[in-house]
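Q: Before we look together, could you show me how to read the features of a model like this one, starting with how strands pair?

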Amino acid sequence: MQHDFRIPTRGQGLYEFTREVKAWVSATGFQDGLLTMFVRHTSCSLLIQENADPEVQGDLSAFFARLVPPSSDPSMGYLRHTYEGPDDMPAHIKAAMMPVSLSIPVRSGAPALGTWQGIYLFEHRDAPHQRQVAAHLS
């Protein structure tokens, strides 16, 4: 069974879509196996992260912004791919550092996530996008 999740973003940050994933897995009637998810873009990532305290998402965003600043930052002067804007090449670097696919066990018809775990798309670009995440149950 396969499905494409469409996740609208409003710029850089983490966008949780755990509820949508759980609803789809439940609706399929699939009981036990593996959920594989893959983001179909080169400037965003997928993460499993804490979903209880929104400060976690803010701190993660701030950390990666400091780690990989925009190409307009003097420390990034070595970058050559800059014609798509100052956020583009840094977005590719962040996507290379973080997962673009996830594997999640499914038990009794639900993703086997921990109590405080949520599924996130981590958008690395400044502009809004419509992101696609391909999901497969096996």
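Q: Which residue is the bridge partner of Glu16 in strand 7?
A: Strands of a sheet pair through backbone hydrogen bonds, either parallel or antiparallel. In this predicted model, the bridge partner of Glu16 in strand 7 is Tyr120. Helices (H or I, at least four residues) and strands (E, at least two) are DSSP runs, numbered from the N terminus, and two strands count as paired if DSSP finds at least two bridges between them. Strand 2 is joined to strand 7 (residues 117-123) by 4 bridges, and the two run antiparallel.

Q: What should I keep in mind about the numbering and the values?
A: Residues are numbered from 1 along each chain as its sequence is written. Because the model is predicted, local features need pLDDT of at least 70 and side-chain atom pairs count only at pLDDT 80 or more, while totals for chains, interfaces and linings use all residues, and side-chain values use heavy atoms, with hydrogens and water left out.

Q: What is the strand order of the open sheet?
A: The order of this open sheet of 3 strands is 2-7-4, with antiparallel pairing. Strand 2 (13-16) and strand 4 (44-50) stand at the edges with a single partner strand each, so one side of each has no neighbour in the sheet.

Q: Which residues touch the most other members of the largest nonpolar core?
A: A nonpolar core is a set of buried Ala, Val, Leu, Ile, Met, Phe, Trp, Tyr and Cys residues joined through side-chain atoms within 4.5 Å, where buried means under 20% relative accessible area, with a 1.4 Å probe and protein chains only. The largest such core here has 22 residues, of which Phe5, Phe17, Leu35, Met37, Leu121 and Val133 touch the most other members. Apart from it lies another core, of 7 residues, including Tyr120 and Phe122.

Q: Is Met76 buried or exposed?
A: Met76 is buried, with a relative accessible area of 5%, although Met76 is found in the loop between helix 2 (54-67) and helix 3 (88-97). Contact means heavy atoms within 4.5 Å, and, leaving aside neighbours within four places in sequence, Met76 is in contact with Val68, Pro69, Pro70, Ser71 and Ile93. The C-alpha atoms of Met76 and Pro86, which are 10 residues apart along the chain, are separated by 9.7 Å.

Definitions and conventions
Buried means under 20% relative accessible area, exposed over 50%, partly exposed in between (1.4 Å probe, protein chains only).
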